Every structure is written in structure tokens, then in C-alpha cells.
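User: I would like to go through this structure with you, one topic at a time. Could we look at it together?
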Amino acid sequence: MKNALLFVAVGLTFVTNVSAQSKDDPSIGTWKLNVAKSKFTPGPPIKADTRSYDVQDGWLIVTTETMQPSGEKTGVRFAAKFDGKEYPQIGRFAPTVALISYQPVDKRTLKYTVKDTTGKVTSTNTRTVSVDGKTMTIEQKSTDASGRPVLNVELFERP
């Protein structure tokens with residue numbers, strides 16, 4: 001199944017469709033997490049996170065690289081559209097697969113849901129780019145392994 005999802009994800013980057021994001025999306029580019037300005041409840045905070053967003057042939061291409069509190073490197077790469085459908089996220093450093101669906105709120109705000117491959121929601125998120133385009137905030141709601149609520153508010157800046 002992982003190979004099938006990987007095939008779909010790779011194939012998505014080459015499909016042309018005019019109904020997706022455009023190059024004027026304010027999130028396009030590279031963003032680095034400012035850990036000191038972010039809040040991780042209950043914590044501990046991640047050590048680093050870099051995200052890049054690009055548009056290719058009508059698809060939003062997302063690449064992330066995160067340093068977990070343990071020092072483990074994680075991240076994903078995927079292509080998606082803002083149509084509410086689920087698209088596979090493929091792990092870059094470990095064989096993980098999740099599903100993501102995007103719903104735009106307005107030009108600067110996007111809501112998205114991440115599910116595991118069984119369909120269980122693992123997080124709900126809101127991504128907002130500031131009016132001046134210099135900061136991006138991601139509010140992530142999930143639960144930890146003990147079932148406690150987790151609320152992370154991550155502030156990203158352009159390098």
C-alpha cells in the first residue's frame with residue numbers, strides 16, 4: 001500500500017490541472033520555525049522546522065523537514081489541491097504515510113486535516129500568512145499518546 005501511495009504522490013506532481021493554487025499564494029517559498037515565538041502545549045517543543053511551498057502545474061507541492069525534541073529528523077513531501085480531497089503525505093526520512101485535505105478560508109488562511117491511513121484524524125490545523133507576508137502561523141490541534149489535548153501554535157518566518 002505504501003508503494004501505491006508513493007506512486008500516486010509522485011504522479012500528482014506531474015499532472016496538469018488549472019483548478020488548484022496559483023503562484024500568487026502568499027505561502028509560496030521557504031519558511032523557518034521561530035521556536036522562541038512558538039507555543040507547544042504541553043510540550044516539549046520541536047527543535048526546528050523548515051517548510052517550503054511551491055506550485056507546479058496547478059498542484060501545491062509541500063516539503064517539510066522537522067527536528068523532533070528527541071533529535072530525530074522527520075518530514076514529508078506531497079502534492080495537493082485545495083479541493084477537500086485527501087492526498088497522501090509521504091515520509092522523507094522514515095516510511096510514514098498520512099492523508100491530508102485542504103480547505104481554503106481566504107487568500108491568506110487555510111484549514112487542513114491530517115489523518116492516518118485508517119482514516120483516524122490525527123490533527124486539525126489552521127495556517128495563516130500575515131498581511132505583510134513575513135510570518136506564517138500554524139495552529140495545530142491533536143492529542144498525545146495518553147489522549148491529552150495538544151495545542152501547538154507555530155510561528156514561521158522567511159529566512
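User: To begin, which residue in strand 9 does glutamine 103 stand opposite?

Analyst: Glutamine 103 stands opposite lysine 111 in strand 9. Please note that this is a predicted model, in which local features need pLDDT of at least 70 and side-chain atom pairs count only at pLDDT 80 or more, while totals for chains, interfaces and linings use all residues. Residues are numbered from 1 along each chain as its sequence is written, and side-chain values use heavy atoms, with hydrogens and water left out.

User: What counts as a strand here, and when do two of them pair?

Analyst: Strands are DSSP runs of type E with at least two residues, helices are runs of H or I with at least four residues, and both are numbered from the N terminus. Two strands pair if DSSP finds at least two bridges between them.

User: How many bridges join strand 8 to strand 9, then?

Analyst: Strand 8 and strand 9 (residues 109–115) are joined by 6 bridges and run antiparallel. A hairpin of 4 residues links strand 8 to strand 9.

User: And which strand pairs with strand 9 over 7 bridges?

Analyst: That is strand 10, which pairs with strand 9 in the antiparallel sense. Across this pairing, tyrosine 112 stands opposite asparagine 125, and threonine 113 stands opposite threonine 124. The hairpin of strand 9 and strand 10 has 5 residues between the strands, and glycine 119 there takes a positive phi near 95 degrees.

User: Asparagine 125 again: what is its bridge partner in strand 11?

Analyst: The partner of asparagine 125 in strand 11 is glutamine 140. Strand 10 (residues 121–129) and strand 11 (residues 135–143) run antiparallel, with 6 bridges joining them. Their hairpin has 5 residues between the strands, and in the turn glycine 133 has a positive phi of about 75 degrees.

User: How many bridges does strand 11 form with strand 12?

Analyst: Strand 11 pairs with strand 12 (residues 149–157) over 9 bridges, in the antiparallel sense. Here isoleucine 138 stands opposite glutamate 154. In the hairpin of these two strands, glycine 147 takes a positive phi near 85 degrees.

User: Let us change topic to serine 101. Is serine 101 buried or exposed?

Analyst: Serine 101, which is found in strand 8 (residues 97–104), has a relative accessible area of 13% and therefore counts as buried. Buried means under 20% relative accessible area, exposed means over 50%, and partly exposed lies in between, with a 1.4 Å probe and protein chains only.

User: What is serine 101 in contact with, beyond its neighbours within four places in sequence?

Analyst: Serine 101 is in contact with Gly84, Lys85, Glu86, Lys111, Tyr112 and Thr113, those neighbours aside. Contact means heavy atoms within 4.5 Å.

User: What about valine 153: where is valine 153 found?

Analyst: Valine 153 is found in strand 12. With a relative accessible area of 27%, valine 153 is partly exposed. The C-alpha atoms of valine 153 and phenylalanine 40 are separated by 6.5 Å, although these residues are 113 apart along the chain. Leaving aside neighbours within four places in sequence, valine 153 is in contact with Ser38, Lys39, Thr137, Ile138 and Glu139.

User: Now the whole protein. How many helices and strands are there?

Analyst: The secondary structure comes to 1 helix and 12 strands. Of the 159 residues, 41% count as buried. Among contacts between residues at least 6 apart in sequence, 36% join residues at least 24 apart.

User: One last topic: which residues lie nearest the centre of the largest pocket?

Analyst: Arg51, Gln68, Thr74, Ser123 and Gln140 lie nearest the centre, among 45 lining residues. On a 1 Å grid over the protein atoms alone, a pocket is an open set of points where a 1.4 Å probe fits, with protein on both sides within 12 Å along at least five of seven lines; lining residues have an atom within 4 Å of a point.
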